[in-house]
Amino acid sequence: MNMLIKGGRVIDPSQKIDDTLDVLVENGLIKQVGKGLQAPADAKVVDAAGKYVVPGLIDMHVHLRDPGLEYKEDIISGTRAAVSGGFTSVCCMPNTKPTIDNKAVASYIINKSQSDGFCNVFPVGSITYGLSGDRMAEMGELKESGCVAVSDDGRPVTNSELMMRSLQYAAGIGIMVISHAEELELVGEGVMNEGFTSTELGLKGIPRVAEDIATVRDIMLAEYTGTPIHIAHVSTKGSVRIIREAKARGVKVTCETAPHYFTLTDDAVRGYNTNAKMNPPLREADDLSAIKQGLQDGTIDCIATDHAPHHIDEKDVEFNVAMNGIIGLETSLPLSLNLVREGVLTLNQLIEKMSCNPSNILGLNRGSLQAGAPADITLFDLEREWTVEADKLASKSKNSPWLGQKMKGVAMATIVSGTLKFER
Amino acid sequence: MAEFKHKHIIALRDLSKADIELLISTAESMREVNSRDIKKVPTLRGKTIINLFYESSTRTRTSFEIAGKRLSADTVNIAPSNSSATKGETLADTALNLLAMKPDIIVMRHAVSGSHYFLAEKVSCSIINAGDGAHEHPSQGLLDMLTMKDRFGRLDGLKVAIVGDITHSRVARSNIQGLTKMGSSVFLAGPPTMVPPGVERLGNVTVCATMNEAIQDADVVMMLRIQQERQGKTLMPNAREYSRYFGLNPENIKLAKPNAMVMHPGPINRGVEMSSYVVDGDQSWILKQVENGVAVRMAMLYHVCGGELE
């Protein structure tokens with residue numbers, strides 16, 4: 001199907017484009033970006049006046065819960081939430097049941113997403129079999145099956161030798177290792193960030209150093225072996241500093257943070273709000289400003305949501321019992337646009353972190369409106385206000401800390417491989 | 001008389017100075033009932049109180065039960081070991097099932113901080129917190145303050161030392177909240193592994209480097225129970241060394257004011273946080289605390305029911 005997207009403000013960092021232009025799509029690919037393009041006779045014309053037109057957003061860290069935990073989310077509802085939030089591609093983490101540690105599970109996800117899903121789904125395989133932490137999964141076959149990275153996300157690979165060998169082995173195959181940096185003994189029974197708020201609420205704290213120390217270890221392993229590594233969900237000022245220093249001395253490290261880490265502090269836990277419980281936990285004001293600083297100076301490459309759907313029965317319980325994680329696909333864009341409004345990032349930089357960089361880090365061949373690229377395109381309205389309402393979210397689960405709150409900015413249309421998958 | 005406007009009593013942090021004064025003065029008048037030959041008044045006749053104790057307790061549960069009975073309420077005790085909790089029923093479901101039996105008050109102790117707020121959103125009856133995790137233990141804080149008032153006639157301008165594992169102590173948090181509101185100052189001491197970050201911001205609180213510094217010229221020395229099972233192996237070497245630096249004994253008690261009172265929420269580990277000579281000594285108010293516990297809990301039950309004194 002052919003399409004002409006007319007008169008939008010086109011921002012494509014990959015080509016340094018920022019202008020009011022038309023985008024012509026033919027046979028699922030970008031045909032041309034330019035002024036005053038004529039629509040072919042059969043083309044659908046999309047009026048993008050007053051809207052931004054950018055390379056399709058990519059969320060490199062989501063949990064689709066499919067297979068095995070479909071009561072929380074599945075590939076259909078999760079990708080519907082993705083396109084509703086402006087995402088044309090998501091990378092789904094392997095902590096499904098069964099784990100994405102073999103070709104059969106990876107293929108199931110790819111096939112189901114292609115037949116029934118709304119956007120591209122790139123599975124992330126596990127580093128170790130069944131996330132057991134004791135032996136490597138078949139990373140070669142996982143890559144051949146379509147996995148774009150490996151990670152034991154949700155838990156660290158505690159055995160340092162196995163982590164080091166996994167980095168070496170994965171680099172040989174050419175697949176990125178995503179580190180879940182957490183020193184479990186320091187986390188212990190902790191349920192929120194350790195600080196004044198945990199003291200006041202009487203909740204067991206998780207010290208920031210539990211993340212920092214693990215970030216250091218994995219960076220040192222990557223540095224020693226000369227291999228690339230990507231650090232997931234950076235939440236502390238210490239991790240930002242460690243990654244900044246590592247980048248400066250040439251370590252091949254990249255990283256991501258999530259909208260909640262630059263939007264909320266552990267104050268959000270007050271009232272024992274289980275929708276503010278996640279891992280890593282919400283930190284304090286100085287962490288939040290360090291995250292913003294890291295985004296601004298390029299230390300933090302990507303914004304990813306760590307979209308973690310949980311059923312109400314797993315959240316509407318006592319705080320300690322509640323599962324970790326929040327949904328994020330439908331609130332990521334407006335929250336990230338706040339960074340532009342605050343002057344932390346330019347729009348250009350934001351699109352880099354939400355599209356170009358994840359594509360480059362994982363080799364997705366997306367994140368660009370160059371002629372010949374897959375026509376994954378997001379149209380959004382920077383100013384439009386809306387309210388987060390549980391019954392209007394596409395995700396099966398409603399575990400968002402922003403329920404009932406106003407958002408500014410929203411995806412207006414999401415085009416995946418030249419097909420309009422979502423329109424608001 | 002001032003009016004008590006709270007349906008639940010979950011934390012002293014949620015109460016005003018006037019609320020605390022009211023509860024303490026009501027407790028003072030309840031003591032008259034406890035000294036009678038027939039220790040019963042009809043104030044809460046026809047009311048049903050469920051004591052739901054997810055954590056074991058002798059003192060607090062018995063105290064709440066006696067308090068309810070002296071006010072003529074019907075009290076029922078439920079402990080998780082002989083209830084549906086062991087069958088995997090959620091707290092919310094247990095509460096809703098109990099609620100269907102129309103209790104007026106649920107008194108709950110639970111290991112998870114904040115679980116009473118969770119419960120209060122689910123049920124229509126009053127909730128009284130008998131201790132939640134490391135958050136608060138408001139009846140203990142109130143009975144401690146009543147006991148201090150008995151000794152000094154006031155609750156303002158007192159120097160109160162609290163020594164021990166502050167991190168895991170709901171007693172310390174309730175005392176900090178209550179005493180700060182009443183105009184007293186709290187001095188904390190414990191191994192640095194047991195002093196939580198930012199605790200000085202909870203109220204009029206000073207964190208001391210040593211126990212001696214905390215108890216120096218104190219009006220009240222409150223010792224906290226040290227629990228080997230909770231402190232595990234990582235927070236301190238052993239009870240012997242703990243006792244050496246954070247135990248109260250006949251020597252270091254002399255640093256406090258000559259008429260200082262010694263308190264402990266119980267149960268005591270004799271020879272660990274306190275020497276028996278101090279536990280049983282002239283300055284000990286520990287059993288008075290227990291006695292006052294009944295009156296304070298009568299006052300709490302009475303006020304959440306919104307009744308009038310006869």
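Predicted model: local features only at pLDDT ≥ 70, side-chain atom pairs only at ≥ 80, totals over all residues.
**Sheet in chain B**

I looked up the strand order first. Chain B has an open sheet of 4 strands, ordered β2-β1-β3-β4, with parallel pairing. I then checked the edges. β2 (74-78) and β4 (126-132) of chain B each have a single partner strand, so one side of each is left without a neighbour in the sheet. From one strand to the next, the twist averages 15°.

Next I took one pair. Strand β1 (residues 48-53) of chain B runs parallel to β2(B), and 5 bridges join them. In this pair I found T48(B) opposite D74(B) of β2(B).

**Contact between chains A and B**

I counted the residues on each side. Chain B gives 20 residues and chain A gives 15 residues. On the chain B side, α4 (115-122) and α6 (170-182) are the elements that give two or more residues. By class, I read 9 nonpolar, 7 polar and 4 charged residues on the chain B side.

**Domains of chain A**

I looked up the domain assignment of chain A. It gives domain 1 as 3-52 + 374-423 and domain 2 as 57-362. Their C-alpha centres lie 25 Å apart.

I then went to the contact between these domains. In chain A, 28 residues of domain 1 touch 39 residues of domain 2. On the domain 1 side, β16 (377-387), β17 (406-416) and β18 (419-423) of chain A give two or more residues. β17(A) has the largest share on that side, 7 residues. I noted the classes of the domain 1 side as 14 nonpolar, 8 polar and 6 charged.

Key: Residues numbered from 1 in each chain as written. Chains lettered and ligands numbered in written order. Pairing = 2+ DSSP bridges. Axes fitted to C-alpha atoms, helices over the stretch in contact; angles between N-to-C directions. Contact = placed C-beta atoms within 7 Å. Nonpolar A, V, L, I, M, F, W, Y, C, P; charged D, E, K, R; others polar. Domains from an automatic or database assignment.
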